[in-house]
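This report goes through selected local features of one chain. Please keep the sequence and the coordinates at hand while reading.

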Amino acid sequence: MKRANWLATAWDSGGMVLLFLALFAYASFGVGNFFTPTNLVYALGLSVTTTGIVACGMLFCLAAGDFDLSVGSVAAFAGMLVAVLLDAMGGSLWAVPLCLAACACVGLFNGLIIAVFGINALITTLATMQIVRGLAYLLKDGNSLGISSEAFAGLGTGDFLGLPIPLWVLLGCLAVFGFTLHMTVFGRNALAIGGNREAARLAGVPTARTQMLIFTLQATLAGLAGVVSAAQQQLGDPKGMVGLELRVISACVLGGVSLTGGIGSIHHVIVGVLIMGTVQNIMDLKSVPTFYQYLVSGAILLAAVLLDRLKRRGVRA
């Protein structure tokens with residue numbers, strides 16, 4: 001194995017884990033109130049819930065060589081839709097599966113346009129992002145809607161065995177989608193499509209069906225994140241979740257998922273989400289102004305893309 005390949009493999013295996021551990025150690029000793037149970041569970045833990053849930057689906061999109069820029073709008077739409085359905089159905093929790101089914105339809109629509117009509121995923125999901133955001137505004141004439149159902153609020157504010165319910169939802173998603181990627185034919189097909197789409201098709205991989213399923217799962221997870229967030233805030237807000245797609249893609253790529261497809265692992269998602277969440281938590285604890293936080297978020301995205309490019313150069317060398 002060439003030296004460049006060896007370095008790329010070594011960095012991919014443990015480089016970002018070491019970076020996270022160094023960041024965590026710095027925060028534990030250098031940032032007041034960081035290493036406390038309350039901050040680690042309720043501030044850092046809950047802050048990564050939404051990004052982590054959506055990143056489980058984005059892992060499959062990126063592994064297959066695609067993007068989904070509509071996840072932020074779908075999450076906001078889901079929050080509004082579940083609030084409207086709860087209001088109309090007297091607080092019945094059937095509103096949740098109905099909402100997730102609507103989000104799955106959005107993802108299926110994306111998948112059909114991309115896989116059947118061959119439209120670029122970037123363009124398709126950019127258009128869907130606008131359409132779904134518009135639907136979220138139309139649900140209540142652009143106004144937010146409070147949620148009064150105590151049973152639904154428990155999804156966002158309750159706890160089980162000492163951990164908040166949203167964290168259990170995130171852990172469940174990581175376990176299910178990690179198993180699916182690494183242990184099932186569907187997961188291997190997604191990686192094969194991202195590695196070489198034409199070769200995968202010639203080898204008998206159902207590329208169109210796999211793509212449609214990936215985008216359907218992605219939108220369903222974005223809807224789940226929107227529902228959990230609405231339960232936490234007890235509010236549906238059509239203006240929410242702005243920039244979620246960039247945070248999710250940044251976390252995946254920073255952790256090691258390749259932007260060009262074919263390379264991805266659930267541990268990449270976990271490490272990337274934890275790094276993003278820890279940086280955000282440090283800035284919050286240090287009361288860094290919001291406009292500086294935008295600069296840092298942009299720098300992280302740029303660093304993630306550069307790292308991905310450098311790794312691929314190392315592999316080709």
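Cysteine 56 touches Cys173, Leu174, Phe177 and Leu221, when residues up to four places away in sequence are not counted. The model is a predicted one. Cysteine 56 is found in helix α3, which covers residues 49–63. With a relative accessible area of 0%, cysteine 56 is buried. From cysteine 56 to arginine 209 the separation is 153 residues in sequence, and C-alpha to C-alpha the two are 19 Å apart in space.

**Cysteines**

How many disulfides does the count come to? The count comes to zero disulfides. A pair of cysteine sulfur atoms has to lie within 2.5 Å to be a disulfide. The closest cysteine sulfur to that of cysteine 56 belongs to cysteine 173 and is 5.3 Å away, which is too far for a bond. Cys173 is also among the residues that cysteine 56 touches. For cysteine 103, the closest cysteine sulfur is in cysteine 99 at 4.5 Å, again too far for a bond. Cysteine 103 counts as buried, at 0% relative accessibility.

**Helices α8 and α9**

Two packed helices are described by the angle between their axes and the distance between the axes. Helix α8 spans residues 165–183 and helix α9 spans residues 185–195; their axes come within 5 Å and cross at roughly 70 degrees. Angles of 65 to 115 degrees count as roughly perpendicular, so α8 is roughly perpendicular to α9. The crossing in which α8 passes α9 is right-handed. On the α8 side, the contact is made by Thr180, Leu181, His182 and Met183. On the α9 side, Phe186, Gly187, Arg188 and Leu191 take part. By class, the residues of this contact are four nonpolar, three polar and one charged.

Which residues of helix α2 (residues 37–47) are buried? They are Asn39, Leu44, Gly45 and Leu46. These buried residues of α2 pack against α3, β3, α8, α11 (207–233) and α13. Helix α3 is also where cysteine 56 is found.

Threonine 128 is found in helix α6, residues 121–138. At 3% relative accessibility, threonine 128 counts as buried. Its contacts, leaving aside neighbours within four places in sequence, are Ser70, Val106, Phe109 and Asn110.

**Positive phi in loops**

Leucine 161 is not a glycine, yet has a positive phi of about 55 degrees. Leucine 161 lies in the loop between β2 (159–160) and β3 (163–164). Strand β3 is also one of the elements against which the buried residues of α2 pack. Is leucine 161 buried or exposed? Leucine 161 is exposed, its relative accessible area being 68%.

Serine 287, a residue other than glycine, has a positive phi near 55 degrees. Its loop runs between α13 (266–285) and α14 (290–316). At 60% relative accessibility, serine 287 counts as exposed.

**Accessibility by residue**

The table collects the accessibility values for the residues discussed above.

| Residue | Relative accessible area | Class |
|---|---|---|
| Cysteine 56 | 0% | buried |
| Cysteine 103 | 0% | buried |
| Threonine 128 | 3% | buried |
| Leucine 161 | 68% | exposed |
| Serine 287 | 60% | exposed |

Notes:
Residues are numbered from 1 along each chain as its sequence is written. This is a predicted model: local features need pLDDT of at least 70, side-chain atom pairs count only at pLDDT 80 or more; totals for chains, interfaces and linings use all residues. Side-chain values use heavy atoms; hydrogens and water are left out. Axes are lines fitted to C-alpha atoms, for helices over the stretch in contact, and angles run from 0 to 180 degrees between N-to-C directions. Helices (H or I, at least four residues) and strands (E, at least two) are DSSP runs, numbered from the N terminus. Angles under 35 degrees count as roughly parallel, over 145 as roughly antiparallel, 65 to 115 as roughly perpendicular and the rest as oblique. A crossing is left-handed if the near helix is turned anticlockwise from the far one by less than a right angle, and right-handed if clockwise. Contact means heavy atoms within 4.5 Å. Ala, Val, Leu, Ile, Met, Phe, Trp, Tyr, Cys and Pro count as nonpolar, Asp, Glu, Lys and Arg as charged, and the others, Gly among them, as polar. Buried means under 20% relative accessible area, exposed over 50%, partly exposed in between (1.4 Å probe, protein chains only).
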